[in-house]
Amino acid sequence: MKSKKKGCLSVALRGLMVIAGLCLLLIILILIINSRQPTQSTKIDRLSPADKARLAEVIHLRQALGDQVMPGWSQADIPVIAYNEQYLFLVGCTDPESGWRKVPQNTQLGQDWEVVPGDDFYGQIYYRQPLPAPGVTTENFTVRVGEHWVASLMSLEWMKISLASELRSDIPQPFSSIVPYPIVVRLFVPGSESYVTGVLHEAMHAYQGQRAPARLAAAEQSSRKTSAAYPWEEAALTEAWQKELDLLHQAMRATTQEESLQLAREFLHQREMRREAAKLSDALIDYERCREWEEGIAKYAERMIYLLAHQTPAYQPLPEMDQDPEFQQYQGAQKKWDQEVDQIRRMANDPGDGRFYYSGFAQAVLLDRLAPGWKDRLFDSGVWLEDLLREAAAVP
């Protein structure tokens, strides 16, 4: 009997040793992989070939399918800025005025743009300027360069490097050394399609600025002045928001026009009850509407053009994208769409204003079904998404 117990212990010990050995090998492998990750952009003083291809695809995709997302968007003059750790790069603009102006503050930053020496953007000149100071960029939004409304987003490579660096600084040692950063970063920055459509998210903000500059400025100012006063952590409000978002999710998943219409009516009723119960001020209600108009529409544009790129047989990405190993020909568009629709239900507990991105996105999709001409009034003063949905659902 003792011999049998001793044999079992020996087997268990060997098993533990094997597991420990495998864990050690995995840690060593992660350390090796992490040590090989870049800490700076491949090209710092100019756009890399991959950067150029992605930005060209941004322009190509918007010009080909943009009007199906928002009338007039395809032909709008919207240059693009991509930036890395040291430089801002401007494409699609000729003889730009100096620097840039922040929106809505109108603060002038930067210096003169210079032609990138010894390089071009598919036969056209493009421009650069160094960051005025570390971390001082055009940010991920829209800025003004002279009279141009410009979409701005960091380069995909720098996005990954920055995120990995941020994660390293946030995770305490010794754990930060054994986190597989390429895998974790991939969860947040999936690939080139997400990057291309992310730039187009900012390009929609630029278009909002072109079409309704005062409304975009008011939406940004509302966020800055009012978000701190919003009762984010009030339990009753969160519970009411959950019901509201659940109704939007069900309406987006509805298979018939009648079902979508009925759920839209229930959503509008729930929204009115939530605001009354929470005794939200006019300023807080306007804050909700502004963020839905601003960020909900940008999210709608980002998601819709991704889906259209996949569903439109005649659309062909630029041949240069074939050289990008992170580009999958928009094949993941439907899966991403479904994930985003399901995410709506999980936004009631979001600590920031992310819920408005999704509630605005959902209302825009419902309007596509219930009131196809709704976009003609989107930029009219005082007209919000919920107003258009109320008219479509015949709710007084």
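## The second pocket

Sorted by class, the residues around the second largest pocket of this predicted model come out as nine nonpolar, three polar and six charged. The space inside that pocket is about 380 Å³. It has 18 lining residues, and those closest to the centre are Pro38, Glu157, Lys160, Ile161 and Glu326.

Which elements give two or more residues to this lining? They are helix H2 (49-69), H3 and H4. H3 provides the largest share, with five residues.

## The largest pocket

Now for the largest pocket, which has a volume of about 920 Å³. There are 27 residues in its lining, and the ones closest to its centre are Met159, Phe188, Gly198, Lys299 and Glu302. Quite a few elements give two or more residues to this lining: strand E8 (148-154) plus the helices H3 (156-170), H4 (181-188), H5 (192-211), H9 (282-311), H10 (333-343) and H11 (354-370).

## Helix H9

H9, one of the helices that line the largest pocket, runs for 30 residues. From its first C-alpha to its last, H9 covers 41 Å, close to the 44 Å expected at 1.5 Å a residue. It does have a kink, though: about 30 degrees, centred on Glu292.

Is H9 largely enclosed or largely open to the outside? Of its 30 residues, 24 are buried, so the rest of the structure largely encloses this helix.

## Aromatic pairs

How many aromatic pairs does the structure hold? The count is 17. Take Phe89 and Tyr126: their ring centres sit 6.4 Å apart with the planes at 50 degrees, so this pair counts as tilted. Phe89 belongs to strand E2 (residues 87-91), while Tyr126 is in the loop between strand E5 (114-115) and strand E6 (127-130). Phe89 and Tyr126 are both buried.

Elsewhere, ring pairs join Tyr230, Trp232, Trp241, Tyr287 and Phe356 into a cluster.

Key:
Residues numbered from 1 in each chain as written. Predicted model: local features only at pLDDT ≥ 70, side-chain atom pairs only at ≥ 80, totals over all residues. Heavy atoms only, no water. 1 Å grid on protein atoms, 1.4 Å probe; cavity = no way out; pocket = protein on both sides within 12 Å on 5 of 7 lines; lining within 4 Å. Points joined across faces, edges and corners; volume = space filled by probe spheres on them. Helix = DSSP H or I, 4+ residues; strand = E, 2+ residues; numbered from the N terminus. Nonpolar A, V, L, I, M, F, W, Y, C, P; charged D, E, K, R; others polar. Expected span 1.5 Å × (residues − 1). Bend = angle between axes of the 7 residues up to and from the residue. Buried < 20%, exposed > 50% of the residue type's maximum accessible area, 1.4 Å probe, protein only. Phe/Tyr/Trp six-rings, centres within 6.5 Å; stacked < 30°, edge-to-face > 60°.
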